[in-house]
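Look over the sequence and the model below. The briefing that follows covers helix packing and ligand contacts.

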Amino acid sequence: MTEWSAQDCNRIVVVQGDITRENVDAIVNAANRSLLGGGGVDGAIHRAAGPGLLEECRQLGGCDTGQAKITRGYQLPAEWVIHTVGPVWRGGTHGEADLLASCYRNSLALAVGKGVRRIAFPAISTGVYRFPLERATRIAVRSVLRFLSAEPRIEEVRFVCFDSRTYTVYREVVDEFCSEPCP
Ligand code: ADP
């Protein structure tokens, strides 16, 4: 028996693009523990949201790896930003896989608490934090599908892939996890 159903798979969308342009209720930021902004997707989100976001983040006192915190979206199309801190890849023996799965679970739990129905994730930890892309993608998709199978209130989870390599890997992993089992 699989852990998730075709209906759960139908709530996942993979797109290539810039997450700051997503018209969803919440976007997830791959932040660092300071929550005070950085490069990559973090920098793009802060630039697009405007200075109000940094002001609110200053009040949060940082965030531990694997955890998540939520703010308003300010000038973004999204109402909320969920800041989660992915693990830095240190060879895979320092709990990286569990911490990355926690990022997805904790972000989705915060989203449900705010009544979010549509949410977009970047490929957490796969940039500057160097988590191997295929492993990270399998963790991302599996964590989200497990969460969706237990939580009907999230209608759509969008994986927003910045580059074509990430997009291709996400498509392959979603196809693999969501293909019909052999009769
Ligand atoms: P981390 O420090 O968690 O590795 P990065 O921001 O360095 O975070 O990279 C995470 C992923 O986000 C990478 O795939 C990167 O290409 C991607 N990314 C960068 N900018 C954007 C953006 N504007 N929208 C969506 N994804 C982005």
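A crossing of two helices is left-handed if the near helix is turned anticlockwise from the far one by less than a right angle, and right-handed if clockwise. This term is used below for a predicted model.

**Helices α4 and α5**
- Helix α4 spans residues 96-113, and its axis comes within 9 Å of the axis of α5, with a crossing angle of roughly 35°.
- The crossing of α4 and α5 is right-handed.
- On the α4 side, the contact is formed by Ala97, Leu100, Ala101, Tyr104, Arg105, Leu108, Ala109 and Val112.
- These meet Ala136, Ile139, Ala140, Ser143, Val144 and Phe147 of α5.
- The contact of α4 with α5 comprises 12 nonpolar residues, one polar and one charged.

**Helices α5 and α6**
- Helix α5 (residues 133-150) and helix α6 (residues 164-178) have axes that come within 9 Å and cross at roughly 45°.
- Because of this angle, α5 counts as oblique to α6.
- The crossing of α5 and α6 is also right-handed.
- Residues making this contact include Leu133, Thr137, Val141 and Leu145 of α5, and Val169, Tyr170, Val173 and Phe177 of α6.
- The contact of α5 with α6 has 10 nonpolar, two polar and five charged residues.

**Around the ligand**
- The ligand has 15 residues around it, and Asp18, Val41, Ser125, Gly127 and Val128 come nearest.
- A backbone N or O atom of Val41 is 2.9 Å from a ligand oxygen atom.
- A polar backbone atom of Ser125 also lies 2.9 Å from an oxygen atom of the ligand.
- For Gly127, a backbone N or O atom is 2.8 Å from an oxygen atom of the ligand.

Key
Residues numbered from 1 in each chain as written. Predicted model: local features only at pLDDT ≥ 70, side-chain atom pairs only at ≥ 80, totals over all residues. Heavy atoms only, no water. Axes fitted to C-alpha atoms, helices over the stretch in contact; angles between N-to-C directions. Helix = DSSP H or I, 4+ residues; strand = E, 2+ residues; numbered from the N terminus. Parallel < 35°, antiparallel > 145°, perpendicular 65-115°, else oblique. Contact = heavy atoms within 4.5 Å. Nonpolar A, V, L, I, M, F, W, Y, C, P; charged D, E, K, R; others polar. Near = heavy atom within 4 Å. Polar contact = N/O pair within 3.5 Å; in protein donor to acceptor, adjacent residues only side chain to side chain.
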